[in-house]
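Please keep the sequence and the model open while reading.

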Amino acid sequence: MFSYELTVSIFAYIIPVLLRAPVYRLLGARIGKGVLIAGKIVEPQMVTLGNYSLCGEMSLLMAHAIMGDKVVLKKITIGDNVSVGAHAIIMPGVAIGDNSIIATGSLVPMDTIVPANEIWRGIPAKKWKSVDPFDVKS
């Protein structure tokens, strides 16, 4: 409960974006280098974020869900160079592969596996198209 109150209430108003990753590390999240978190992680000890990933403004990584009379708690794994758009919601058991993008406002349902190099969008999120990780435009 303390973790939830800390991450949902206090982080949104007090902790600047550049300091959120180190604070989440202290709370148990496994976070790579160069990660920016503008959203919230509700159960940090259940979340892994790869190098150079980004969680947009008001995005929510929530490793729990209530299913009837049961509480489901599963890990969330996000690979390297992943972008989670603003207001996107990542549910328990989700794994997102390297170089993938979750579009703004999308909901990635529980236990979804997003392969590497794909863009997903919608409610519920589904594959929109593939991304060529070597197609870098200047």
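Of the 138 residues in the protein chain, 41% are buried (buried means under 20% relative accessible area, exposed over 50%, partly exposed in between, with a 1.4 Å probe and protein chains only). This is a predicted model, in which local features need pLDDT of at least 70 and side-chain atom pairs count only at pLDDT 80 or more, while totals for chains, interfaces and linings use all residues. Residues are numbered from 1 along each chain as its sequence is written, and side-chain values use heavy atoms, with hydrogens and water left out.

**Surface and contacts**

- The protein chain exposes about 7400 Å², and carbon and sulfur atoms supply 64% of that area (accessible areas come from the Shrake-Rupley method with a 1.4 Å probe; for residues, only the protein chains shown count as cover).
- Among contacts in the protein chain with a separation of 6 or more, 23% are between residues 24 or more positions apart (a contact means heavy atoms within 4.5 Å).

**Helices, strands and sheet**

- The protein chain has two helices and 17 strands (DSSP runs numbered from the N terminus: helices are H or I with at least four residues, strands are E with at least two).
- Six strands form an open sheet with mixed pairing, in the order β2-β5-β10-β13-β16-β17 (two strands pair if DSSP finds at least two bridges between them).
- At the edges of this sheet lie β2 (36–37) and β17 (126–130), each of which pairs on one side only.
- Strand β16 (residues 118–121) runs antiparallel to β17, and four bridges join the two.
- Within this pairing, Glu118 stands opposite Ser130 in β17.

**Salt bridges**

- The structure holds two salt bridges (a side-chain nitrogen of Lys or Arg within 4 Å of a carboxyl oxygen of Asp or Glu).
- Lys74 is partly exposed at 31% relative accessible area, and Asp111 is partly exposed at 40%.
- The other salt bridge joins the side chains of Lys127 and Glu118, at 3.5 Å from N to O.
- Lys127 is partly exposed, with a relative accessible area of 44%, whereas Glu118 is buried at 10%.
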